Amino acid sequence: MTDASCGPESVSAQRFPVVVVGAGPAGLTVGNILRAASVDCLVLETETRAFIERRPRAGVIEEQAMRGLEKRGLARNLLDRAELHTACEFRFGGERYRFPYGELTGSHHFVYPQPLLVTDLVREYADVRAGRIRFGVRDVRVHDADTGHPSVSYLCPDSGERRVVHCDFIAGCDGARGATRAALPPDRVRVARHDYGIGWLALLAEAPPSADCVLFGCHERGFAGQMPRSPQVTRYYLQCPPGDDPGNWPRERVWAELQERLGASGVPPLVEGRLIEKRVLDMHDQVVEPVTFGRLHLAGDAAHLIAPIAAKGMNLALHDAFLLGDALAARLTTGDDRGLADYAATSARRVWDYQEFSQWLSEVFHGTAAGDPFRAGTTLARLRRLFTSPAAAAAFAEQYLGTATRY
Ligand code: FAD
C-alpha cells in the first residue's frame with residue numbers, strides 16, 4: 001500500500017517490526033521477503049514511485065540472483081521478458097574473440113533493465129503483498145540503533161512535520177549516499193576504498209545493440225563497452241579521465257570513439273542513435289565493515305559500492321537482500337537469530353570476492369591504455385590466456401557469472 005502523503009491514517013501506524021530505508025532492488029526485495037512471511041514493515045523512500053520506476057542503471061542479472069528472486073516469487077516478469085545471454089565478446093588488436101561462458105558454466109546472464117525489475121518489485125510489494133511504503137520522505141534519521149528500541153524519523157513531504165517510526169530492526173538499503181550508512185559511528189566501522197583513477201562516460205543510446213552480446217573493447221585509446229538493454233536501447237561506456245565533463249563529449253566524438261575502440265576486422269560499424277543519457281562515473285569501490293550496528297543492518301550499495309566494471313552492483317544488492325530478508329523473517333517469526341548474527345560476515349565474503357574480480361577485470365579493460373608498454377604487454381597476455389588456457393577461461397567464467405557455491 002502506497003502512502004503518497006503522511007495523512008491521518010498513516011499517523012496511527014507508527015510502529016513496525018522492520019523499517020526498510022530505500023526502495024531500490026535491495027530494499028524492495030527485503031520488503032517482499034518480509035511480507036511473504038507476514039511480517040509488517042514500512043519502506044521509506046526519498047523519491048517518487050514514478051521516478052524509481054524509470055531510473056536507468058543496471059541490466060545484467062546473474063543466474064543465481066535470478067534464481068534467488070524466483071525462489072521468493074519475484075521473477076515472473078523477468079523470466080518472461082529477459083534476454084538470455086550465453087557469451088560475451090572481447091575486441092582487441094583489431095580482432096574479435098567470442099567467450100562462450102554458457103558452454104563453460106552451464107549458466108547464463110539475464111538482461112533485464114533495472115527500472116523494470118524495480119517496477120516489478122514495487123508492484124509486488126505494495127499492490128500484491130500489501131506492504132506499506134512512503135515516497136518523497138525527507139531528512140531520514142536513524143535513532144538508538146544500538147539499543148533494543150530503535151526508531152527512524154523523517155520529514156513528511158506535505159506538512160514538513162517530523163514523524164517517528166518505532167521498530168525492532170532497521171534495514172539500511174538507501175544506496176551509497178543514503179542516511180543509514182552515516183548512522184554508523186565512525187569509530188565502530190572501517191571504510192575501505194579503492195580509486196581506479198579512471199572515469200567511464202556512461203551512455204544510453206536510442207539504438208539497437210550492434211551485437212547479440214556484451215562487447216568489451218580493450219583499446220590503446222581506452223576501454224569501450226556495449227551492454228544490450230532492449231531491442232531499442234543500448235548502454236555504452238567509454239573510458240575517459242575521471243571528473244571529465246560530459247559536455248566534452250558531443251555526439252560525433254562519442255560515436256567516433258565507440259566505432260574506433262569497438263571496431264574489429266569483419267565487423268560492421270555500430271548502429272548509431274540519439275544519446276538519451278550521458279554522464280561520467282568515477283570508478284571506485286568501497287566496502288563498509290561491519291554492516292551491522294545493533295539493530296541496524298546495511299545491504300546493497302549502502303554497504304558497499306562496486307564500480308560497474310564487472311556489472312556486479314545490483315547482483316550484490318540482491319544477494320544481500322536475500323540473506324538479510326530471510327534472516328529478519330526467521331528472527332521475527334521463529335525467534336531464530338542465527339541468520340542475523342552471521343549476516344555481516346556472510347555478506348562480506350561474497351562482497352570481497354566480487355571486488356577482487358572487479359580489480360582484476362579493470363586491468364584487463366584499462367591496461368592497454370595506461371601508456372605503459374609493460375602493463376600493455378601483461379594485459380594482452382591476460383587477454384590471450386582467456387582464449388588459450390581452459391583453466392583460465394573456466395576461472396574467469398565462474399567469477400563473471402557468479403556461479404561459485406561457496407565464498
Ligand atoms: P539503490 O538502487 O541506489 O537504491 C537505494 C534507494 O534509496 C534509492 O531508491 C534512493 O532514492 C533511496 N534513498 C537514498 N537516500 C535515501 C534516504 N536518505 N532515505 C530514504 N531513501 C533513500 N549493477 C549490476 O549488477 N549490473 C550492471 O550492469 C550495472 N550497471 C550500472 C550502470 C550504472 C550507470 C550505474 C550507476 C550502476 C550500475 N550498476 C550495475 C549498479 C547498480 O545499479 C546498483 O548497485 C544497485 O542499484 C544497488 O541497489 P540498492 O538497492 O543497494 O541501491
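**Ground rules**

Helices (H or I, at least four residues) and strands (E, at least two) are DSSP runs, numbered from the N terminus. I used these names throughout my entries.

I noted that this is a predicted model, in which local features need pLDDT of at least 70, side-chain atom pairs count only at pLDDT 80 or more, and totals for chains, interfaces and linings use all residues. Residues are numbered from 1 along each chain as its sequence is written, and side-chain values use heavy atoms, with hydrogens and water left out.

**Entry 1: the whole chain**

I looked up the secondary structure first. The protein chain has twelve helices and 20 strands. I then looked up the box along the principal axes. The C-alpha atoms fill roughly 65 × 40 × 40 Å.

Next I looked up the radius of gyration. This value is taken over C-alpha atoms, and the globule rule is 2.2 Å times the number of residues to the power 0.38. For 407 residues, a compact globule would come out near 22 Å, and the protein chain has 22 Å, so the two agree.

I also looked up burial. Buried means under 20% relative accessible area, exposed means over 50%, and partly exposed is in between (1.4 Å probe, protein chains only). Of the 407 residues, 53% count as buried.

**Entry 2: the ligand shell**

How many residues surround the ligand? I found 36, and the closest are Glu 45, Arg 55, Gln 114, Asp 301 and Met 314. A residue is near a molecule or strand if one of its heavy atoms lies within 4 Å of it.

I sorted the shell by residue type. It divides into 16 nonpolar, ten polar and ten charged residues. Here Ala, Val, Leu, Ile, Met, Phe, Trp, Tyr, Cys and Pro count as nonpolar, Asp, Glu, Lys and Arg as charged, and the others, Gly among them, as polar.

Which elements each supply at least two residues of the shell? I listed α2 (25–36), β16 (234–240), β17 (274–289) and α9 (313–334). The largest share, four residues, comes from α9.

Domain 1 (2–77 + 113–192 + 285–356) and domain 2 (84–111 + 195–284 + 383–401) each give at least three residues to the shell. The domain bounds come from an automatic or database domain assignment.

- A polar side-chain atom of Arg 55 is 2.6 Å from an oxygen atom of the ligand.
- A polar backbone atom of Met 314 is 2.7 Å from an oxygen atom of the ligand.
- A polar backbone atom of Pro 25 is 3.2 Å from an oxygen atom of the ligand.

I then looked up the cover. On its own the ligand has 1000 Å² of accessible area, and the protein covers 91% of that. Accessible areas come from the Shrake-Rupley method with a 1.4 Å probe; for residues, only the protein chains shown count as cover.

**Entry 3: single residues**

Is Arg 91 buried or exposed? I found Arg 91 in strand β6 (residues 88–92). Arg 91 has a relative accessible area of 3%, so it is buried. A polar atom of its side chain lies 2.8 Å from the backbone oxygen of Leu 262.

Cys 156 sits in the loop between β11 (151–155) and β12 (162–172). Cys 156 is buried, because its relative accessible area is 3%.

Phe 169 is in strand β12. I read 4% relative accessibility for Phe 169, so it counts as buried.

Thr 378 lies in helix α11 (residues 373–388). Thr 378 has 36% relative accessibility, so it counts as partly exposed.

**Entry 4: backbone angles**

I looked up Pro 290 in the loop between β17 and β18 (292–293). The peptide bond from Glu 289 to Pro 290 is cis, with omega near -10°.

Ser 38 lies in the loop between α2 and β3 (41–44). Its phi is positive, about 60°, although Ser 38 is not a glycine. Ser 38 has a relative accessible area of 64%, so it is exposed.

Ala 130 is in the loop between α7 (114–128) and β9 (132–134). The phi of Ala 130 is positive, near 55°. At 35% relative accessibility, Ala 130 counts as partly exposed.

Technical notes:
Polar contact = N/O pair within 3.5 Å; in protein donor to acceptor, adjacent residues only side chain to side chain.
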